[in-house]
Amino acid sequence: MNRQERYRYFLELCSSLPKCESNISYEFARVASGRHADDKEVMKALQHMKMRLDCGDFRISVILRILYLYPDTELLEEETKEEIRDLLLDFDYWYGENVKYPGSQIIWTENHVMLFMTCEYLAARLYPEEHFRFRNKKGAEIAEDVYGKIIDWMDLKLKVGFSEWDSNCYTDENVLSLLNIYDFSGDTLLKRKAKALLDIITFSLAINSYKGNYCCTHGRTYMNLVFRKDEASTTLLQSLLWGIRPVEEQKSLLHLGSLALATSSYEPQPLIEKIARDDTLVFEDFEQQSFDVEDAPLFGKGYEEYEDLTLFWQNMAYSHINIVEKMCEMCEKFGIMVNTWIYPDRLYLQRCRKQSIDPDPCRLGNYLPRVNKVTYRTPDYLLSCAQDFRKGKHGFQQHIWQATLADDAVIFTTHPGALETGGEVRPNLWTGNYFHPRAVQYRDTVICIYDLEKECRVPYSHAYFPREKFDEVYEVGNWIFGRKDCGYVALYSQNGYEWSDREDWKEKELICRSRKNIWICQMGRQEEYGSFLRFISRILESEVDCDGLAVCYHSPKNGVMSLGWEGAFKVEGKEISIDHYKRFDNPFCQSEYLSGKYVITYGGETLTIEM
């Protein structure tokens, strides 16, 4: 099945699903497959946007796609089209003094910023002579105003990557907004930049995935997406792009980016597909993504203008000391609430000033500054880590490290923020960390240190180790070993562990009851070690010398690795760099951070992507 056949098959599958009430994506799939939409359900879906509830931008993006692709379709009633037109002319796409229900719809994260700008721009282009209530301008004027902001957003991502780095959920929304710009902007420059960014996203998918599972470290994720690749939108994207796994194996089909891709004129790069489909590769990838608040002048931004402050919505630095007072002023002026912590953190800053104390630049767990990450991929596993990311600071949805073998056999550790697992609680039992560890990776090994001395609800770290996913599991002392196919993993806990007795997590959760603990994850494969028992033997022969929160681990392949809560990371006595990486540094691409230029090579072929 070629790509276009996969697209048609996917749309047919989506449109044949049992009726999905008030789901505009389902109705889009029906129209795209030549079936009449259920106008009553479309009308119900419009109520969500009329009430300015969260994620209205997701839905409007799909509605705009229908209007641009099928302007004269008879698969929607004229009355429905008129309701859509009225909504688009009345909608609030940004903050301002003339908004309705501004606190209900979230516009202040990276993916929302682009989606709302894209929606406003495309709606304005669709109705150039119509009057838009929110800005009190005609569409043509609005499109001109928003144009430069979209350019700025895309240029920033081409220079530094994404703040919600390698997200296996929000990458999908970024793909949706970029495909809408690529297909419908009608502007050569916008289309070229959207294509460049889509090519970079697909390249990241190709090198940070294992068997179609985007399983590297993530800036934002949710519990179920880490456990099960068939629920992640990025898995479906790869099924459509490269046919790595059958579309029908996906548990969830109505993902926005995939629906946009299946109806888009965008052609993915053949060279990137070759890299994605080559499951014989063994390579190491180093990357730097996102930006710090202190980087604002690099992008021509400051800390006083309201519009400049929206730059920091993208890395969620809402309460950083450089902007918190102005952010509070902005929220009060326009009746919005970007984050409840801006007010206590403003008071904290004021107290520090009175007491002549140097404040913590940003205490907020949401903050997604520069991240340096490593991915090590082999035919039998993938290991990935965000190097020493904000150790000891509060977290949100950042997924710091993970080992992945075949068929959802994944291992990682977290410090739970709560015992609940619902998406509304973040961090929770498995999503994110309440306090970030100090975690570093060197090739096939991750060392992860937790120091939980501060007050917290859950006073321990734990590991996800789903016993039923492995072909063999052995436990010896502080080590647990797993084999899946020809891939091996060994997980060590300095202060031991116990299997959880909670019903949902029996044989899946390993709990270390100590507030301070060092975890080590050592990967291996049959090609390197021979049998699984030989791998176990080699690990047990390796010394692990712990002294408080410092460890010397005699890795079978890498030699002596040493790391503490403070100080340098060393291998065989040599300091290993864990920051200031390039944008990409791997066998296929060497791209400098901030350059916006990418030269990708594979098999004697070369692809150049530029801003």
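This is a predicted model: local features need pLDDT of at least 70, side-chain atom pairs count only at pLDDT 80 or more; totals for chains, interfaces and linings use all residues.

1. Helix 3, covering residues 39–50, packs with helix 5, covering residues 78–90, at an angle of about 10°, and their axes are 10 Å apart. Angles under 35 degrees count as roughly parallel, and the two helices, helix 3 and helix 5, are therefore roughly parallel to each other.

2. On the helix 3 side, the residues in this contact are Asp39, Val42, Met43, Leu46, Met49 and Lys50, and they meet Glu79, Thr80, Glu83, Ile84 and Leu87 of helix 5.

3. Elsewhere in the chain, an open sheet is formed by 6 strands, whose order is 10-11-18-15-14-13 and whose pairing is antiparallel. Its edges are strand 10 (438–442) and strand 13 (472–476), each of which pairs on one side only. On average, and with direction ignored, neighbouring strands of this sheet are turned by 15° against each other.

4. Within the sheet, strand 14 (residues 479–484) and strand 15 (residues 487–493) run antiparallel and are joined by 6 bridges. Lysine 484 is found opposite glycine 487, a residue of strand 15.

5. Helix 18, made up of residues 532–541, lies across strand 13, strand 14, strand 15 and strand 18 (516–525), and the helix runs at about 155° to strand 14.

Definitions and conventions. Residues are numbered from 1 along each chain as its sequence is written. Side-chain values use heavy atoms; hydrogens and water are left out. Axes are lines fitted to C-alpha atoms, for helices over the stretch in contact, and angles run from 0 to 180 degrees between N-to-C directions. Helices (H or I, at least four residues) and strands (E, at least two) are DSSP runs, numbered from the N terminus. Angles under 35 degrees count as roughly parallel, over 145 as roughly antiparallel, 65 to 115 as roughly perpendicular and the rest as oblique. Contact means heavy atoms within 4.5 Å. Two strands pair if DSSP finds at least two bridges between them.
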